[in-house]
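Thanks for coming. I have one structure to go through, and I will keep it short. Here it is.

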Amino acid sequence: MHQQTAQSKQAQQDDTQPDTASQASEPTGETVISVDGLQKQYGTGEDAVRAVDDISFEIPRGTIVGLLGPNGAGKTSTIKSMLGLVVPDAGTVSICGVDVDGDSARAHSHVGAMLEGDRNVYWRLTVRENLEYFAGLGGERASDVRERHDELLERLGLLDWADTPVNELSKGMKQKVSLASTLARDVDVIFLDEPTLGLDVEASQELHAELRRLAEQDDVTIVLTSHNLDIIEAVSDRVIILNDGSVIADDDTAALVDLFETQSYRFVVEGRPAADLQSRLTTAFDVTCQPDGDQTVIECVDADSETVYALMEQFSDAGLELADVESVEPDLEEVFLRVIDDQRPGGEQ
Amino acid sequence: MATADANAETDWSPSRLAFVWVVFRKQLVLLVRYPLNTATRFLTLAALFGIIFFGGQAVAGPTITDSLGGIIVGLFIWTLAIVAFSQLAWDVTREAQWGTLERLFLSPHGFGTVMVTKTVVNVLMSFLWAFALLVVMMAVSGEWLSVDPLTVLPLGVLTVASISGVGFLFAGLALLYKRIENVFQLVQWAFVALIAAPVGANPLLKLLPVSHGSYLLRRAMDDGVRLWEFAPSELAILVATSVAYLFAGYYCLYRAQRRARQNGVLGQY
């Protein structure tokens, strides 16, 4: 586990199990991003909003970290505080060993960031002019980065549009230009806020492949937020889930999914169970019942074989014909929803 | 990667020349790529002179020629002022709208250096605009003024320095208060009053931004006074006020960006 571990019921219940997650997520390389005790509050008195609440974590080189959380969880404030775009009330952030608040310019020499989707490039300049502008903004001469830009444009499928003004491109292409401009110069860390917004499936997959390539081949460390949990799950090595400004889960993506991988089953029965049966099943087995056409889908988590047989017996006794039964593999979305749900008032902490 | 070799990273520093070049090229590319926009902008300034010159002739007859030199110099300085001011203050607003402002802040040069570099390029661009208009005004009116580069350029640069200070101040206010474009427009017209301020009659007016520089430029271009012919005290006042406004404006911008980052509103519009 990282510094702040998943505070889920499963994590607490599984104390006795081997901590495979902790072994898998232990940083193996040099720490590139270090966040310690980060805090940010907007406003004062009754209007005060604690956007970032004592967040600490470290990210090793070449890791892709997905930052998840519901709206208002503090994702953007955390990223902007890490970049120095928001001045934190307390805590420190260092990037490649450089304190962001103390020497922001030097820290920024390691960083590229795409924070506003397709908006953060100059639409009246061409694709290549944008790349050269942002490379120049980072202090690199156009002649030195020409080859790099050609490769980048080729990989992102933008080479044919290199000399086209950005305002003539589709939203998805603009998004790609924005990413390309973020990579226009040599950086160690990139921050991507909603990088897949507006991208079609194909473009999302290209982005996914490019991010993996950057991490695996170029050792770039990537921090990204996205509402597209499929992308986060597919791309990220590690997921940090935020809620109300705090880290509520921080683990390897696979470990986090494993953590929640209990024996869940989905039963599909013909017709509708009677109300008293539904109530009995919910009380005894903690199931959820959802009508689906002429059938009813009954889901049960934490089910061992004894529970499965007991449930099937209940269906049989009630005269319900079982149409299908399957075990359910949780995905990151399910994990995310469960972790967030556990944090809500009345949820299990 | 930039830090693949830790020692190499320590030695690496961003090329400022590369940044100056891309900022300058961006301005130039946009001027050339959108010729209608560029021409309209230039014609608007030229038309203003046309209205004053031909309108003045219609109303005041040949007596307009008595003050023609002053009018031309005044418009020349006003062009310098509004181009330099608008490039700075409006630029911050537009960059926030475009979502590029935060990227400027993330430059390894540092936000201050980025803004200063953009200002230097803006000053250069303002001179290009103002000199182009000056030639048109002199050709149309037939009033050829003394344009001694050794005199006009230093005085012009110092005059624009105080305008840049005002530009920094309003850029800082834009970072904090966002939609203040109407104030920018008022400031552009306030420059008319500052340029025309009767500095000769009231020496205290020399302390205002632009005013003293405008007064000395009028004397240089209209009366043919050379730089070294001005009293050292006059030049000292110009240098002092220009530097003071420039640094005061820059300090305000610095404080404003810090406050904007504390409030989390740097990139907002």
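Before the strands, the pairing criterion: two strands are taken as paired if DSSP finds at least two bridges between them. Please also keep in mind that this is a predicted model.

With that criterion, take strand β1 of chain A, residues 31-42. Nine bridges join β1(A) to β2(A), and the two run antiparallel.

Now the whole sheet. Which strands make it up, and in what order? There are four, in the order β2-β1-β4-β5 of chain A, and they form an open sheet with antiparallel pairing. The edges are β2, residues 49-60, and β5, residues 98-99, of chain A, each of which pairs on one side only.

Helix α3 of chain A, residues 75-83, lies across β1, β2 and β4 of chain A, where β4 covers 90-95. Relative to β1(A), helix α3 runs at about 120 degrees.

Is A249(A) buried or exposed? A249(A) counts as buried, because its relative accessibility is 0%. Between A249(A) and V98(A) there are 151 residues in sequence, and their C-alpha atoms are 26 Å apart in space.

Last, the overall division. Chain A is split into domain 1, residues 9-259, and domain 2, residues 264-328. The C-alpha centres of these two domains of chain A lie 42 Å apart.

That is what I have.

Notes. Residues are numbered from 1 along each chain as its sequence is written. Chains are lettered from A and ligands numbered from 1 in the order in which they are written. This is a predicted model: local features need pLDDT of at least 70, side-chain atom pairs count only at pLDDT 80 or more; totals for chains, interfaces and linings use all residues. Side-chain values use heavy atoms; hydrogens and water are left out. Domain bounds come from an automatic or database domain assignment. Contact means heavy atoms within 4.5 Å. Axes are lines fitted to C-alpha atoms, for helices over the stretch in contact, and angles run from 0 to 180 degrees between N-to-C directions. Buried means under 20% relative accessible area, exposed over 50%, partly exposed in between (1.4 Å probe, protein chains only).
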